[in-house]
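The sequence and the coordinates come first.

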There are 2 protein chains.
Amino acid sequence: MAGSIQSVERAAAILRLLAGGERRLGLTDVASTLGLAKGTAHGILRTLQQEGFVEQDDASGKYQLGAELLRLGNSYLDVHELRARALVWTDDLARSSGESVYLGVLHKEGVLIVHHVFRPDDSRQVLEVGAMHPLHSTALGKVLAAYDPVAHGEAVEGEREAFTPRTVTSLQGFEDVLDITRARGWAADLEETWDGVASVAAPIHDRRRVPVGAVGVTGAVERVCEDGEIRARLVAAVRDCARAVSRDLGGGRF
Amino acid sequence: MAGSIQSVERAAAILRLLAGGERRLGLTDVASTLGLAKGTAHGILRTLQQEGFVEQDDASGKYQLGAELLRLGNSYLDVHELRARALVWTDDLARSSGESVYLGVLHKEGVLIVHHVFRPDDSRQVLEVGAMHPLHSTALGKVLAAYDPVAHGEAVEGEREAFTPRTVTSLQGFEDVLDITRARGWAADLEETWDGVASVAAPIHDRRRVPVGAVGVTGAVERVCEDGEIRARLVAAVRDCARAVSRDLGGGRF
DNA sequence: TCCGGTGTTCGACATTGTCGACCGCCGACC
DNA sequence: GGTCGGCGGTCGACAATGTCGAACACCGGA
């Protein structure tokens, strides 16, 4: 019993599979992909369906994720201490900077967005809470990779995909970026993940000075940058916000 | 094998338990609440933790929901067809009505909010996607209860809690409300769920004319109402939006 | 220091989930 | 319109699997 519970592991694998494939998947697809007997896969799927984690399309019989997951994911946010403490400060940061604010934590091989404040204007924006961002190219990711040893390992060992011509992919170049980040206490992303988009981020520490997440603002490079560099006022605002949240968590006193 | 897989069922129960209790729960709490041996509960929790569905606080050893749930819940939204079709129309509705817009579907004994557009001003608002609203007192819930037989059963059989003095709790009164809803094609909530808050909602049907969800706007009673009734202009806007989304789903042509 | 509590490990037992063959159904394709 | 292939779903035998309860190591408070 030192290992894991097989059926729960398999249920999780099914959920992750359904989350990955864009559209619905059939029973046979699921079974063959995971190397399970059809009967086995069906038993797990039936249970997941009863629990609301999976839904079945009446017409095609294919499976997709269920609503209960949305509810539980929401409950996760309610319990999330960092997010709760950061709510007020990120709101202020969005207001003062005029740009959208992201709060991210390390999850698996990327940055999980746990809070997102829209840019304060009436433009159409999609909420990115729950989305994953790469570690090696975003400002949030660089901050985590620079301060969190686990994140560093993931970023160094994983593949660093080039999203734009400016993405840093070489190991040496990436380590240099992290050195700079640690030296000045914040990280930038100048069109390294999305063309025309730049961002700044700073680390958040908990009471034991352990890095637990990162805040950052993101916006069109024309607004966020000046002379090819992030505007100093924005950098200061982001770092202030990060410090405020850290202090709120009972963290460092400087 | 006609039944469900026990361990998966139990894992789901643990997740739901963790989602319910506000703060973290200890192993012993979990085991005793679900009537399991400590060792059994530990095995399931360990597996859920490896899969990222549960996290353990290093200091206290207590358990809470994990980040993977947020990611999966987000993936659910990506696949959700109704939500995808409704995105554009709800945006327009928020703009034209000047109030916040909600899109809900039936889930278990309540309305699950799958999309939420903020009121188009700079006020501080919390995103309610993933939250559950009651069936018997909200406009969205009444619409679902009026048109969806399953929702109707849940609303009638379940307990109808009085949130404000205006909440309709008696069975007869509630059925009357549903009759009115069916007769005029939309439902209202005049301070029946939250004091000072009113809302209107209309049903969305799919291509087979089956009710699949509801859209509605919600706002301060002073803005939304006139002479103790919902403003006619708002009702028309909501119903237009519901029809537009239904048509987009390939539904009814009127 | 001791105690009550925690989370965790371990091994024996039999319950439980797994497997693979079988069934009925729908849609595509001669 | 028949046939055929593939689908999702079911069933029963087998043993691998998860369950249980006792014992463990650890921590904090008394």
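**From a helix position to the interface**

A:I14 lies in helix α1 of chain A. The model in which this residue is placed is a predicted one. With a relative accessibility of 0%, A:I14 counts as buried, because the limit for that class is under 20%. Leaving out residues up to four places away in sequence, A:I14 touches A:V30, A:L34, A:A41, A:I44, A:L45 and A:L48. A:V212, by contrast, stands 198 residues from A:I14 along the chain, and the C-alpha atoms of the two are separated by 29 Å.

One of these partners, A:L48, carries the description across to the other chain. When neighbours within four places in sequence are set aside, A:L48 is in contact with A:A11, A:I14, A:L15, A:F53 and A:V54, and also with B:V8. A:L48 is also among the residues with the most contacts inside the largest nonpolar core, together with A:L15, A:I230, B:L15, B:L48 and B:I230. This core has 111 residues. Helix α1 of chain B, residues 6–20, gives the most to it, with 8 residues. In soluble globular proteins, nonpolar side chains tend to be buried together.

The contact between the chains may be considered next. It takes 58 residues from chain A and 57 residues from chain B. Between them the two chains bury about 5,100 Å², of which 59% is on carbon and sulfur atoms. On the side of chain A, the residues that lose the most area to chain B are A:L70, A:Y76 and A:R124, which together account for 13% of what that side buries.

Several elements of chain A each supply at least two residues to the side that touches chain B: the helices α1 (6–20), α3 (38–50), α4 (67–79) and α5 (81–97), and the strands β2 (63–65) and β4 (110–117). The largest share of that side, 12 residues, comes from α4(A). By residue class, the side of chain A that touches chain B divides into 29 nonpolar, 13 polar and 16 charged residues.

Across the interface of chain A and chain B there are 6 salt bridges. One pair that meets in a salt bridge is B:R24 and A:E81, with an N to O distance of 3.8 Å. Over all chains, the count comes to 29 salt bridges.

Some of the salt bridges lie within a single helix. In chain A, A:R95 forms a salt bridge with A:D91, the closest N and O atoms being 3.7 Å apart. Both residues lie in helix α5 of chain A, 4 residues apart, about one turn of the helix. A:R95 is partly exposed, with a relative accessible area of 46%, whereas A:D91 is buried, at 15%. In chain B, the side chains of B:R85 and B:E81 meet in a salt bridge at 3.4 Å, N to O. These two residues are likewise 4 residues apart in helix α5 (residues 81–97) of chain B, about one helical turn. B:R85 is partly exposed at 32% relative accessible area, and B:E81 is partly exposed at 28%.

A further salt bridge in chain B has another arrangement. The side chains of B:R223 and B:E99 meet at 2.6 Å, N to O. This pair links distant parts of the chain, 124 residues apart: B:R223 is in helix α9 (residues 221–224) of chain B, and B:E99 is in the loop between α5 and β3 (100–107) of chain B. B:R223 counts as partly exposed at 38% relative accessibility, while B:E99 counts as buried at 3%. Elsewhere, salt bridges that share partners join A:R16, B:E51, B:E68 and B:R71 into one network.

Most residues other than glycine have a negative phi. A:K108, however, has a phi near 50 degrees, a positive value in a residue other than glycine. A:K108 is found in the loop between β3 (100–107) and β4 of chain A, and is partly exposed, with a relative accessible area of 32%. B:E191 has a positive phi, near 55 degrees, and lies in the loop between β6 (187–190) and β7 (197–205) of chain B.

Key: Residues numbered from 1 in each chain as written. Chains lettered and ligands numbered in written order. Predicted model: local features only at pLDDT ≥ 70, side-chain atom pairs only at ≥ 80, totals over all residues. Heavy atoms only, no water. Contact = heavy atoms within 4.5 Å. Buried area = accessible area lost by both parts, 1.4 Å probe. Salt bridge = Lys/Arg side-chain N within 4 Å of Asp/Glu carboxyl O. Nonpolar A, V, L, I, M, F, W, Y, C, P; charged D, E, K, R; others polar. Core = buried A, V, L, I, M, F, W, Y, C linked by side-chain atoms within 4.5 Å. Buried < 20%, exposed > 50% of the residue type's maximum accessible area, 1.4 Å probe, protein only.
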